[in-house]
Amino acid sequence: MTTPPLLELGYVSRAHGMRGEVAIRALDPASETLDTVDRIWVRTRAGVEREMRLEALRPTPKEDIVVLEGVASRTDAEALVGSKVFVFREDLEPPAEGEFFQGDLVGLDAVDANGNALGRVEEIWATGEVPNLVIRASGREELVVPFADEFVPSVDLEARRIVIRPPEYVEAGRKGAQPGGGPEDAE
């Protein structure tokens, strides 16, 4: 598998002020990636894509307020609202051994320890100490799993596969489980 050159960072959440500033909300609220890059790739809701240079950045608790080259008015900024924001992988330090860019986890096929399909990682929610993987499959309940060794014993980016050990409370709530029964009692 070839590694894609772009890594999804977040989205333009709103226009800010009258001079063309935009607010970019990262998928990971703790991300400082925009502080380290000079350019981004933007894909508008209409599918228009282009590289844009960052001229200035002001972090706030929930998002970064950014001045982009060529965006000089509120109208220009409003046209970008809802756009996905990507960074160029070549502009980033590679993750350390055993670490991953969160954007690389989205789209991986999730399986249990026996290789049974659980679905696909569709989103990552960064709402606590560790991110949560949101796994969805047609006809199944959504599965939310903390991205921690206890629940995610292995990630294979080459094979586009992640092994999941669902938390017990998910197993106990599965269809067909008997009250008080363990995972072995579930269908």
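**Salt bridges in the predicted model**

Arg89 and Asp104 form a salt bridge in which the closest N and O atoms are 2.7 Å apart; the term stands for a side-chain nitrogen of Lys or Arg within 4 Å of a carboxyl oxygen of Asp or Glu. Arg89 lies in the loop between β6 (84-88) and α2 (102-105) and Asp104 in helix α2, so the pair ties together parts that are 15 residues apart in sequence. Helices (H or I, at least four residues) and strands (E, at least two) are DSSP runs, numbered from the N terminus. Arg89 and Asp104 are both buried, where buried means under 20% relative accessible area, exposed over 50%, and partly exposed in between (1.4 Å probe, protein chains only).

This is a predicted model, in which local features need pLDDT of at least 70 and side-chain atom pairs count only at pLDDT 80 or more, while totals for chains, interfaces and linings use all residues. Residues are numbered from 1 along each chain as its sequence is written, and side-chain values use heavy atoms, with hydrogens and water left out.

A second salt bridge joins the side chains of Arg39 and Glu51 (3.7 Å, N to O). Arg39 belongs to strand β3 (residues 39-43) and Glu51 to strand β4 (residues 49-59), twelve residues apart. Arg39 is buried at 14% relative accessibility, whereas Glu51 is partly exposed at 38%. Arg39 and Glu51 are also part of a salt-bridge network with Glu90 and Asp91.

Arg43 and Glu49 pair as well, at 3.0 Å, N to O. Arg43 is partly exposed at 30%, and Glu49 is partly exposed at 38%.

The count of salt bridges comes to twelve. The protein has three helices and twelve strands, and 36% of its 187 residues are buried.
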